[in-house]
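Student: I am new to this protein. Could you show me how to read it?
Tutor: Gladly, let us look at it together.

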Amino acid sequence: MHFSLNVYGLQRPNLNIRGELALKLLQDKVLSEGIVLSDQVLKVDSFLNHQMDPVLMKEVGKEFARLFAGEGITKVLTIESSGIAPAIMAALELEVPMIFARKQKSLTLREDIYVEKVYSFTKRQENDVTVSKKFLFPEDNVLIIDDFLAHGEAALGLARIVEQAGAKVAGIGIVIEKSFQSGAQRIQEAGYRVESLVRVSSLEGGKVSFAAEAVH
Ligand code: G4P
C-alpha cells in the first residue's frame, strides 16, 4: 500500500484520499446540478444521463477500480445506455474489456445470446436484455456497473446473465444509489457485494439527502 503525507504531516493511505475525492466530486455535482423531479426520481442529465462529464466519469472509473482492486476482474458488464460511461472508465482503469448488454436485439447480433427479462419500475416497461455468448465465459470474473440503483432489477438481470454464462459476479458498482428503494438490500440478499459511490437517502421535499458514507 502507498502512503503520502497529508497537510497535517500524518501518514495516510493514498487509496482513502482518492475515495474521498471521487465521493466529494459526485456529491457536489448531485447537489449543484441534480433536479429532484419527485420523492422518487432524481434527474442528473447534465453529467450522467444525457450530457456526460468525462472528467467526473474518469474519477468514478478510478474509484470502482480501487474498490475492486485485487478481485481479479476479467470483464466489466453494464447495460445501455447510461451505464456505458462509468463502465468504460472502470474497464480502462482495470485494463479489461467492457461489455454493454443491449435492451433491444441488435440487427447484427445474430449469434447465440444470453437473454434475461428486466422490468423497470421507473419506466414501467419490460426489456429483453441480451449479451452475445461470444463475450462471456465460465472463467470470467465480472464487475457489474450501472449508473443508478433503484429496485435492482437491471443489476440483478445482469447478474443472472453472468450466472447463465457460468461466470462469477465479483461485485456490483453503482454511481448513484437511491437507498430508500429496495435495490441494495435485494442485491445483498442475493449474495453479491454492492459498492455505491453516492447513496441518496431521501428526495423528500425537493431536497437531496445523503446516507452516511463509509469510505473504504
Ligand atoms: P432498477 O434497475 O434499479 O430496478 O431501476 P429501475 O428499473 O427503476 O430504473 C430503470 C431506469 O431508470 C434505469 O435507466 C435507471 O438507471 C433509471 N433510474 C431509476 N431511478 C432513477 C432516478 O431517480 N433518476 C434517474 N435519472 N434515473 C433513474 P435506463 O432505463 O436503463 O435508462 P438509460 O440507462 O438508458 O439512461
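Predicted model: local features only at pLDDT ≥ 70, side-chain atom pairs only at ≥ 80, totals over all residues.

Student: Which residues touch the most other members of the largest nonpolar core?
Tutor: In soluble globular proteins, nonpolar side chains tend to be buried together. A nonpolar core is a set of buried Ala, Val, Leu, Ile, Met, Phe, Trp, Tyr and Cys residues joined through side-chain atoms within 4.5 Å; buried means under 20% relative accessible area, exposed over 50%, and partly exposed in between (1.4 Å probe, protein chains only). Here the largest core has 31 residues, and Leu-26, Leu-42, Leu-48, Val-76 and Ile-176 touch the most other members.

Student: Which element supplies the largest share of this core?
Tutor: Helix 2 does, with 5 residues. Helices (H or I, at least four residues) and strands (E, at least two) are DSSP runs, numbered from the N terminus. A second, separate core has 27 residues, including Tyr-114 and Val-162.

Student: How many residues does helix 4 have, and what should they span?
Tutor: The expected span is 1.5 Å times one less than the number of residues. Helix 4 (residues 153-164) has 12 residues and should span 16 Å, which agrees with the 16 Å between its end C-alpha atoms. Among its buried residues are Leu-156, Ala-159 and Val-162. Just after helix 4, Gly-166 takes a positive phi of about 75°.

Student: In what order do the strands of the open sheet run?
Tutor: Strands of a sheet pair through backbone hydrogen bonds, either parallel or antiparallel. Two strands count as paired if DSSP finds at least two bridges between them. Here 6 strands run in the order 6-5-9-10-11-12, with mixed pairing. Strand 6 (98-101) and strand 12 (209-210) are at the edges, each with a single partner strand, so one side of each has no neighbour in the sheet. Strands 10 and 11 pair in the parallel sense over 6 bridges.

Student: Is Val-129 buried or exposed?
Tutor: Val-129 is buried, with a relative accessible area of 1%. This residue lies in strand 8 (residues 125-132). The C-alpha atoms of Val-129 and Lys-103 are separated by 4.7 Å, although the two residues are 26 residues apart along the chain.

Conventions: Residues numbered from 1 in each chain as written. Heavy atoms only, no water.
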